[in-house]
Amino acid sequence: MNSVLQHDLNDLENILNQAKEQGIHFLNNLENIPTSNKNTIDPTRNLNEVGLGSLAALKEFKERLAPLMIASPGPRYLGFVTGGSTPASIVGDWLASVYDQNTQAIKAQGGVSALIEFETINLLLQLLDLPKSFLGGFVTGATMSNFTCLGVARQWIGAQSGKDFAKTGITETIHILTATPHSSSIKTLSMLGIGSNNYTTIKTIEGNREAIDVDDLEKNIQNLNGQPFILISSAGTVNTADFDDFVEIAKLKEKYNFWWHIDAAFGGFAAVSEKFKHLTEGWEGADSITIDCHKWLNVPYESAFYLIKEKHVNLQTETFQNSNAPYLGNPLENFNYLNVLPENSRRLRALPVWFSLIAYGKEGFKDIIENSTALALHFANELIEDDNFELLAPIRLNNVCFTLKGDHNQEKVSQFLTLLNDKGKAFMTPTVYQNRKGIRASFVNWRTSETDIKIIIQELKESILDLEI
């Protein structure tokens, strides 16, 4: 064995303890770590010939790389709908690395860690009150979950005319209907060869809404004259957390032939709370659903899962099976995740979620969801009381979309947000809503409290003074 590796092996407990101390120091000091910084490094470092060993590498990390890290898991990081990491999820994530499984099979000599993934999906279905008619698995994020779901939807479109698009390529027009899709869904259309411009935009409901106008949807369906299509709907739009009417869409599903996909990256967790459960009523009728875990479930990046109706498993296998690897056996007789998902190599990504669900239960996540939504409303009320800001949309769940008051200040919105973020006490992301520049604050972090709202409001007021409106 290499001498440096042998030394590390002999000193493993000390190495891991020091890494743990580094992690604890970061997590215990999130309040004091900036949410944004301008630190930089020269990334052209030369590779060591011999190697320094883990402790020396850790020392260099502390000195050179740790200063680049921001408090993205912290309570005042309100950008990108980013959750933090609960203690239980960190345990699961660390152990996923320690056990280092390639999670694929549920019955094999080479390991059956996929049983943990099956159990975790079962727990998630219970959390979200969804039927067991869905099968699921873990991927890196909403983009890959959308890719998985819409990949099977693409195969379904081909099957309607007896075609196997996975083997022969797309030979028919694929019709996509959607109103306010997330950018990851559009990116997915590009990756699937459908084309990022090849979709029909459905009108949204009048009155500052982002949800599908069901009447306009049906008109567009009728214009297809019976041709099958894919509907991409939303459970929580990224700007205003608006929801499509799943009950009405389910009625259309009884009349017309289409694949119904729901992007519920963060909004799906509304189902956990009795206060917001009505928003997801009817979503069990979908063919596929995308949900992120590194958002409202508060587990480390990267974590999301797909849900696809079990009745579509043959189409899913046709889409993703490793058909040129006979040693893997019959994909339907010997379940293996590499035959139903894009990745052939998969870490035990379910474990942080399993730990979270076992540790905190439905009550714990209900509290997180309801605390986040209450804080979003509180923050919005504080903005309304300040003459410098105005809301761009009502608060429907956990996202606050706002801007500087007055059209004459539109040109200053970007400058204002830069000033705010540069202070490092809070972080938000820019957006454009109904042709107006705005700012989006997303409340999903389990640590965020009313004290944080006070700090954030103070930072907003100071940034306004700096801007000199």
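**A loop asparagine, a covered helix and a helix pair**

The side chain of Asn322 comes to 3.2 Å from the backbone oxygen of Leu338. Asn322 also forms a polar contact, at 2.7 Å, with the side chain of Asn344 (a pair of N or O atoms within 3.5 Å, where within protein one must be able to donate a hydrogen and the other to accept it, and residues adjacent in sequence count only if both atoms are side-chain atoms). Asn322 sits in the loop between helix H11 (313–320) and helix H12 (350–385); helices (H or I, at least four residues) and strands (E, at least two) are DSSP runs, numbered from the N terminus.

The model is predicted: local features need pLDDT of at least 70, side-chain atom pairs count only at pLDDT 80 or more, and totals for chains, interfaces and linings use all residues. Residues are numbered from 1 along each chain as its sequence is written, and side-chain values use heavy atoms, with hydrogens and water left out.

Turning to helix H8 (residues 183–191), its buried residues are Ser184, Ser185, Ile186, Thr188 and Leu189 (buried means under 20% relative accessible area, with a 1.4 Å probe and protein chains only). Their cover includes helix H6 (142–159) and strands E2 (175–178), E4 (229–234) and E5 (258–263). After H8 comes Gly193, with a positive phi near 80 degrees.

H12 also meets helix H14 (residues 450–467): Leu375, His378, Phe379, Glu382 and Leu383 in H12 are in contact with Glu450, Ile453, Ile456, Ile457 and Leu460 in H14 (contact means heavy atoms within 4.5 Å).

Technical notes: Buried < 20%, exposed > 50% of the residue type's maximum accessible area, 1.4 Å probe, protein only.
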